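Please open the model in your viewer and keep the selection panel at hand. The stops below each name what to select and then describe what is there.

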Amino acid sequence: MSKLEQILVLDPPCDLRFKGPFTDVVTTNLKLKNPSDRSVCFKVKTTAPKRYCVRPNSGIIDVGATVTISVMLQPFDYDPNEKSKHKFMVQSIFALPNVAEMDAMWKDVKPHDLMDSKLRCVFDLPSENNEVIDVELSSNTTAPVQNSSKAAPVLTAAKTASVSTNASEMRKLTEECRRLQAEMDKLTGENRQLKDDGVRMRRAAQRSDHMTSNQTGSSSSSMMQQTTAASLPSLLVVIAAIFIGFFIGKFIL
């Protein structure tokens, strides 16, 4: 007996696309629609269960209803050259009317009653040049898809912006250097002025000390001369008195 075709309508039908950057959890949605006249049980499986979180990963879809599945990619270090084979598979079976437990239905299902669909994973990573790199996690070789019509203008604009930024920064640095040089010249002049003022003050102090010493010496000499001049008449008087006394004594004797 041939295998049954998938009764559910998947949106998207083939690819699960995850848009970077991948430094945080990236979520994409998968819609499952039941167009049949019977309730359908479903399960979502992946080849990398540690890298993805699926909510809900199983359930029952009523007639004509749609269920939205959230597929969350966990953060990881993105490598465009990494070859991986992550895939998702949606399995479905018609719900049995007399079985209430869904686990029991999956346990007793026959292989020819099982329907499934496979989806591949695609990583979309916008680059600086407005490129989109698609990493197909399948057995095929990784192939980057470039938006060639926009890459050249974006590159030109980026280079122009970079040149303008560098020129502006150079002007700012030049002005800052000139300002610092002016301040250095001003400080040098002030330092030279302070040195000159110190030299003049030391010379003035030395001259003042010299003049004070000279004045002191002159005063001492004047005082000695005055003392000598004052004592000279007294000495003459004494000498004269001695002579007079000598002569008087001689005549009396």
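**Stop one: aromatic rings**

Select F76 and F123, both of which are buried, meaning under 20% relative accessible area with a 1.4 Å probe and protein chains only, where over 50% would be exposed and values in between partly exposed. This is a predicted model, in which local features need pLDDT of at least 70 and side-chain atom pairs count only at pLDDT 80 or more, while totals for chains, interfaces and linings use all residues. Residues are numbered from 1 along each chain as its sequence is written, and side-chain values use heavy atoms, with hydrogens and water left out.

Rings of Phe, Tyr and Trp (its six-membered ring) pair if their centres lie within 6.5 Å, and planes under 30 degrees apart count as stacked, over 60 as edge-to-face and the rest as tilted. By this rule there are nine aromatic pairs. F123 counts as buried because its relative accessible area is 4%. Between F76 and F123 the centres are 5.5 Å apart and the planes stand at 45 degrees, so that pair is tilted.

**Stop two: a charge over a ring**

Next select R51, which lies over the face of F76 at 4.6 Å from the ring centre; the rule asks for NZ of Lys or CZ of Arg within 6 Å of the ring centre and within 35 degrees of the ring normal.

**Stop three: T28**

Move to T28 in strand β3 (residues 26–33), which counts as buried because its relative accessibility is 14%. Leaving aside residues up to four places away in sequence, T28 touches L16, R17, F18, I69, S70 and V71, contact meaning heavy atoms within 4.5 Å. The T28 side chain also reaches the backbone oxygen of R17 at 3.2 Å.

**Stop four: two cis bonds**

Select D11 and P12, whose peptide bond is cis with omega near 5 degrees; P12 sits in the loop between β1 (9–11) and β2 (15–19). Then select G20 and P21, also joined by a cis peptide bond, with omega about 5 degrees, where P21 is in the loop between β2 and β3.

Terms used:
Helix = DSSP H or I, 4+ residues; strand = E, 2+ residues; numbered from the N terminus. Polar contact = N/O pair within 3.5 Å; in protein donor to acceptor, adjacent residues only side chain to side chain.
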